[in-house]
Amino acid sequence: MITVEKLSKAYGDHRVLDAVDHRQERSESVVLIGPSGCGKSTFLRCLNQLETPDAGRVTIDDVTVDCARPVERELQRQLRLRAGMVFQQFHLFPHRTALENILEGPMHVLGRPRSEVEPEALDLLARVGLSDRAGHRPSQLSGGQQQRVAIARALAMKPRALLLDEPTSALDPELREEVRDVLRRLADEGMTMLLVTHDLQLARDVADRILFFHGGHIVESGTPDEVLDHPQHPRTQEFLGQ
Amino acid sequence: MRTGPDSVGPLPPAGVVSSPPEDRRPTTSSSTPWLVLLLWLVAGGMIGRSPLRADLWDDVRSRGVLRWGDDAEGGAPYLFHPEDDPTKLVGFEVDFAAALATRLEIRDQFVQNNWDMLLPALRQGGSFDIVIAGLERTPENLAKADLSRPYFVFAQQLVVRAADTGIRSLDDLRGRPVGVLSATASHRLLERRGTVEIRVYQDNVNYFRDLEVGRLDAVLTDTPIAQVNLAGNEKLRAAGPPFEPGYYAVAVPPGETNLLARIDQAILGLTTNGTLQQIYTRYGLWGAEQEGLRKWTAPAQVIRRQRSALREWKTYLPMLLRAAVTTVWVTCGGMTLAVIWGLALAIVKQYGPAPLRWSATAYIEVFRGTPLLLQIYFIYFGLAQQLGLKLSAGLAAVLALGLNYAATEAENYRAGLLAVPRGQMEAALALGMKRRVALRRVLLPQALRISLPSVTNDFIAMFKDSSIVSVIALVELTKEYQIRAIDTGDYLGLGLLTAGIYFAMSWTASLGARRLERFLQHDHR
Ligand SMILES: Nc1ncnc2c1ncn2[C@@H]1O[C@H](COP(=O)(O)OP(=O)(O)O)[C@@H](O)[C@H]1O
Ligand SMILES: [Mg+2]
C-alpha cells in the first residue's frame, strides 16, 4: 500500500532523511516514534509532497512518484488524493462550519453534488461523535472536537491511507481520549494509517508495528510489545527511558 | 477670469489641494475645507491689519512703493513670461500698473499670489495694497473689496471649432458642453441662462484643448483671452460678435477710501491723456469699445454685503449637496475599480508566473510612486492628445482614482494573503485542491477579511482624495465650495457646511464599514 524507497531530504547541510526505506501493507497501522526534531514530520510531509524530497521514490496505492526529477503537479495531486493528512494543529478552515469543512473536498475537489455528499458528511460527523456540532465554526469547538472534524474532513475524500502528524499533541490531556477513541476505531475498521506520535498510549492502542526514527534512519522496527517493552537499540532505550 | 496658461497644471490654491497619495492614510474625517479654514484663521491672526495704522494711502506714499497683487500664471495678454525671455514679466496689466504708480509719483512692485485667493489676501492686508488681475466690476466682487473705476472694457466671446460653421451664438448650443473659467462673469452668465451644459475649468488653456479634441462644443471667455488664443490657431474661430461688455477694475481693501480716490483719479488721468490707449494698442487690444472707459460714471450701487452661507443655507446647501453627489459616484466608481483591479494585481504579484509578476510589481510601484494629479492629467489630456482616446471627465476621474488606488489595495490584499497561516494552504493542498481552487476557496476569503479594515480606510480616504479630480472640469464638493466661497467671500460658513457634508459622508462610510466588519467577524467565529 505504502512503499518508500531511499527517500532523502536535507535542509542545507542538515540531512533530515537519509535514504529511508519503508513498506506498509493494506490495513496495517504503523506508528512512528522518535525524539523531537528527528524528522518525523518531514517524513510524512515528503510522502504527500508538501515537502519536496531530494531523492527517492514514494508509492501510495497505484501512484508512484520519483522524487529525483521535478514532479508534475497533477501527479502530486493524485498522490495527495490517495493519502489523507491530519495535522497537529488541525488547520481547519476557520471561515467554514464543521459540516462545510467536511464538504469542501468532495464538492470542490471531486466536484460531487452537495445532495450526494451531505449525507456522507453527516454520517462522518456522527462517526466522530459530533452530529450536534455540524453548524459550528472551528473557533466554537474545543481542540478535541476540531481534531475530530479534521479527521472526518480527511476521511470524506475516501483516501486509501491516512497520514497523521501528532494528532493528540496539541490537546489538553483530558481531551486526548476522544481523539484516541476515533483512531482506535479507524484502526479496527482496517484503515491504513501512518501515525507520528509521542502519545505512547495511543501508539500501543493502534499500532500493528512501531518504528523508531533517529538520525535520518529507521533504527528499530517491531510490534508494540517488542519496541516499547523490549527495545534493542540504545537510542530507543534512552528515548523510552526518560 | 484666468490662471495658469503654460504651467504644467493649474493647481487649486495651496490650502485646497488634497494631500498627495502617500499620506492619505490618516483616516480622520478632516476634510480639505478645514485646512482652508485653519489657514484663514492663522493668516488672519498673524498678519491682521493693525488697528492703529492711519490709512493705507499714507503707508504707500511713505513707502514710495505701490504693491500690486496678481498671479504670474495668469497668461497673455494680462501678464506673462515672453517666450524669448522667460525671466521677464510682461503684459498689459504690468504696463498699466507701472503707469498707475508713475501717475501717483511712486514705484510699483508686483506681488505673486494665487488667483483664487487674491481678494481674501487683499482683505487680510499685509502682502499687497491693491489687486490688478482682470477683476470684473461685478456686484459679487464689489461685495468683497472696493473697486476703482474701470481700466479696461472686456466682453464675452464665444469660441468654437472652425469646422462647426453652424454655431453663431449660445442659442445654437442648447444642451451641449461649454467650457468656462471658474467663478467668472462667463460662468455666471451660463448659470443664469441655464441652457447649456456647463463645464468649469481652472485655467484658460485646457478648455481650448478640450474644445479642439471635441470634448467641448464651445468656450465662453473674455475677449482678451479669446483674442490671444485665436491668433494663429486655425482649428478654432470666434462665433458671433462679443457681447455682454463689462469692466476690469482695480481692487483696494474695503474702506480705504483715500487710496481708492487716488487710484480713481490716476486711472481717469491715464484714460484721458491717452496712456491706456498706447498700452492697449501695444498688445493689440485697443478697440472702439474702450471708449466706454472715458464715458464711465459710477452707477448708483447696491452693494451686496458679504453673504452668509450659514444664514442662507437653503440656497447653498442644495448646491453643495448636488456637488457631493458627484463626489459620491466618483468615489464609489473609483473604489469599485480599485477593489477589483487591486485584487487581480495582488494575486498576480503573489502567485503569477515571473513576467506577469514583474509587471504587477512595476505597476504597483509606478502608481504608488507618482502623484495622483499627474496620473489624472495623463489619463485625461495625455491619452486624448497622443492616442486620440477622448475619455469623458467623469470616466477619466473614476479611472485615475481607481487605477491609482488599485496599487494600494493590491498591497492591502497581499498583506492579508501573507497573514493567512501557512497551514491553511497546506491543508487545502493535502485535500487535493489545485492552487487556484485553494486560493479561491481557502486563502482569499480569509485574506479579504483581514484586509477589509485597510480597504475601508482607503475608501474613506478616497472621499477626500476625490477632490483632486476638479482639475479636469468636474465640479465635485471641494470645487463647488471653492466656487461658492469665491463668489460669496464666506469661506468660514461655506467651509463649515462643506466640512459637515464630508463628515457625514465619511461617517456613513465608516459606519457601513464597521457593520460589515462586525458581520464578517461574527461570521468568522
Ligand atoms: N523548512 C525547514 N527549513 C530548515 N530546516 C527545517 C525545516 N523544517 C524542518 N527543519 C529541520 O528539520 C529537522 C526535522 O524537523 P521535523 O521533521 O519537524 O522533526 P519532528 O517532526 O521529528 O520533530 C529539524 O531539525 C528541523 O529544525
Ligand atoms: Mg513534528
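Predicted model: local features only at pLDDT ≥ 70, side-chain atom pairs only at ≥ 80, totals over all residues.
How do the residues of the lining of the second largest cavity divide into nonpolar, polar and charged?

1. Let us look at ligand 1. Its surroundings are made up of A:Tyr11, A:His14, A:Val16, A:Ser36, A:Gly37, A:Cys38, A:Gly39, A:Lys40, A:Ser41 and A:Thr42. Sorted by class, this shell has 3 nonpolar, 6 polar and 1 charged residues. Two elements of chain A, β2 (14-24) and α1 (40-47), each supply at least two residues of the shell, and α1(A) gives the most, with 3 residues.

2. An oxygen atom of ligand 1 lies 2.5 Å from an N or O atom in the side chain of A:Thr42. With A:Gly37 it is a backbone N or O atom that is found 2.7 Å from an oxygen atom of the ligand. The side chain of A:Tyr11 has an N or O atom 3.4 Å from a nitrogen atom of ligand 1. On its own, ligand 1 has 560 Å² of accessible area, and the protein covers 59% of that.

3. Now for the largest pocket, whose volume is about 830 Å³. Its lining counts 28 residues, and those nearest the centre are A:Arg73, B:Tyr351, B:Met425, B:Leu429 and B:Arg435. Two or more lining residues come from each of α2 (73-82) of chain A and α12 (313-351), α15 (393-419), α16 (422-430) and α17 (435-465) of chain B. Of the elements, α17(B) gives the most, with 6 residues. The lining has 12 nonpolar, 4 polar and 12 charged residues.

4. The second largest pocket has a volume of about 470 Å³. It is lined by 17 residues, with B:Ile198, B:Ala323, B:Thr326, B:Val475 and B:Glu480 nearest its centre. In chain B, at least two lining residues come from each of α6 (185-193), β6 (197-201), α12 and α18 (477-488); α12(B) gives the most, with 5 residues. Domain 2 (153-246) and domain 3 (313-521) of chain B each provide at least three residues of this lining. By class, the residues are 9 nonpolar, 2 polar and 6 charged.

5. The largest has a volume of about 150 Å³ and is lined by 16 residues, of which B:Leu119, B:Leu135, B:Asn141, B:Lys144 and B:Ile486 lie nearest its centre. Helix α4 (residues 118-124) of chain B gives the most to this lining, with 4 residues. At least three residues come from each of domain 1 (33-151 + 249-293) and domain 3 (313-521) of chain B. Here the classes are 8 nonpolar, 3 polar and 5 charged.

6. That brings us back to the opening question. The second largest cavity has a volume of about 100 Å³. Among its 14 lining residues, A:Gly84, A:Met85, A:Ala154, B:Ala430 and B:Leu431 are closest to the centre. In chain A, α2, β6 (83-86) and α5 (143-155) each supply at least two lining residues, as does α16 of chain B. The answer is that the lining divides into 11 nonpolar, 1 polar and 2 charged residues.

Definitions and conventions: Residues numbered from 1 in each chain as written. Chains lettered and ligands numbered in written order. Heavy atoms only, no water. Near = heavy atom within 4 Å. Polar contact = N/O pair within 3.5 Å; in protein donor to acceptor, adjacent residues only side chain to side chain. Areas by Shrake-Rupley, 256 points an atom, 1.4 Å probe, with all protein chains shown as cover. Nonpolar A, V, L, I, M, F, W, Y, C, P; charged D, E, K, R; others polar. 1 Å grid on protein atoms, 1.4 Å probe; cavity = no way out; pocket = protein on both sides within 12 Å on 5 of 7 lines; lining within 4 Å. Points joined across faces, edges and corners; volume = space filled by probe spheres on them. Domains from an automatic or database assignment.
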